[in-house]
Amino acid sequence: MSNYVDFSGRPFHFIGIGGIGMSALAYVLAKRQMPVSGSDLRPSHITRNLESIGTHIFGRQEASNLEFFRSSESANRVLLNSEEIFPTASKSTLPQVVCSTAINANNLEYKAALELGCPILHRSDVLAALISDYHSIAVAGTHGKTTTSSMIGYMLLEAGLDPTIIVGGEVDAWEGNARLGQSQYLVAEADESDGSLVKHAPEIGIITNIELDHPDHYETLEEVVNIFQKFADSCKTLISCIDCYQVRDLLRNSGGDRFKPTITYSLNPETDADYTATNIDYRADGTTALVWEKGKALGVLKLRLLSRHNLSNALSAVAVGRALGLEFGTIAKGIATFEGARRRFEFRGEVGGITFIDDYAHHPSEIRVTLAAARLQARPEQRVVAIFQPHRYSRTFTFLAEFAESFTHADLVVLTDIYSAGEPNLGQISGEQLAAEIAKLHPQVLYQPNLPLMSEFLLQTLRPGDLALFLGAGNLNQVIPEVITTLCEPATATS
């Protein structure tokens, strides 16, 4: 794949443009008046939003999509809703074709791009080029990337710094997963899942934590640490959480004298981190803490997000704000009104006394802290019902024991089968096997093999007072509106 990204007006064509990471890049490029097109197998509100700003979307991934660029006339003048969408493309210009790791070599559209001689870019190449084009803040880490990057972007937006933002989740404040600002600042989520993290060289880099989360790409934790080490070496200023053992010890040891975090943060004042917190109060409606900077009290920080992990994320945002010269009052004001990203403990509704929460948690550590937050919010008499769809066979198989121990804060656990995310089923693991492992440590575990049966089961099982927490990175959350709608029907029928 080519690493050179041309921002001078050459078209971009995204294969799989509807993905959360791909669409954010496409949005920013289109808003920067670049010619952008793309393909996706499933229309969505994301692809419709891209179309509304002039992006041409193909509904199939096939070779004929690239024929679109063969004709000199169509390459120079393409009409959408009677408007030119490629007005700056020269007659002989083929697009830069952008792919993610999910696109394999047998993809017909990808093969056609190779045959045409299009430059082929990985998604991370485009992000790296944008990071280099701005005064960038890149948030890396196994967990917390989306919340932390969204919080930082929101804080800078509220402070009047007008940042460009590229994150892996949708945020109501900018109505999506990206926004184009007019300032020099860019806040981006930097993903380690495929090793492409090493391409990024931001002005400010953040490492929230390090764990093995993608056994489809990494065999050992040491390989993951090595990727983060290379990222750390490329950051002009590094902000790191030394509450994480891997960050504090493994990364430091692997890097020797090369790894000297410029700024550290911790929830434990005894660590002597640059930013710490005391007087912490975790409540059902949010969190408050007194924040310290190098031994000096800055003031009280309030956030609407729940639990310890989100306070840690907020400390990294404080560190970023201070590194950019913001007053603590300005930082605290922004963080106090941040409501989080979608699918991060997202409230989806309350019907019949049942509260519905949607969360992206799919790793054992994420499930553990998310359920702890649910338990914190739940009333004493309220059941916490964990509804979980495992994500990827490789992750489920690798972390089978860890998953089994992650549901202690739930009163009832309901599982469905594994969402493959494109992985082949090697027959090593199933959702039913995972349910059996969890049941060895938890008294109330039930299994439903597919989503339609899950919907029926939940309608029969959920009762007034329950907090129903849907967990997973797949398509489990499609069940939520179905269940809510059905629960509303009796009331509608009698009204």
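Trainee: Which residue is the bridge partner of Thr-355 in β23?

Mentor: The bridge partner of Thr-355 in β23 is Leu-467. This is a predicted model, in which local features need pLDDT of at least 70 and side-chain atom pairs count only at pLDDT 80 or more, while totals for chains, interfaces and linings use all residues. Residues are numbered from 1 along each chain as its sequence is written, and side-chain values use heavy atoms, with hydrogens and water left out.

Trainee: How many bridges join β19 to strand β23, and in which direction do they run?

Mentor: Two strands pair if DSSP finds at least two bridges between them; strands are DSSP runs (E, at least two residues), and helices are runs of H or I with at least four, numbered from the N terminus. Here five bridges join β19 to β23 (residues 467-471), and the two run parallel. Strand β18 (residues 346-351) is also joined to β19 by five bridges, but antiparallel, with Glu-346 opposite Asp-358. β18 and β19 form a hairpin with two residues between them, and Gly-352 in the turn has a positive phi of about 60°.

Trainee: Which residues of β19 are buried on each side?

Mentor: In a regular strand the side chains alternate between the two faces of the sheet. Buried means under 20% relative accessible area, exposed over 50%, and partly exposed in between (1.4 Å probe, protein chains only). On one side of β19, Ile-354, Phe-356 and Asp-358 are buried, and on the other Thr-355, Ile-357 and Asp-359. Because six of the six residues of β19 (residues 354-359) are buried, the strand is largely enclosed by the rest of the structure.
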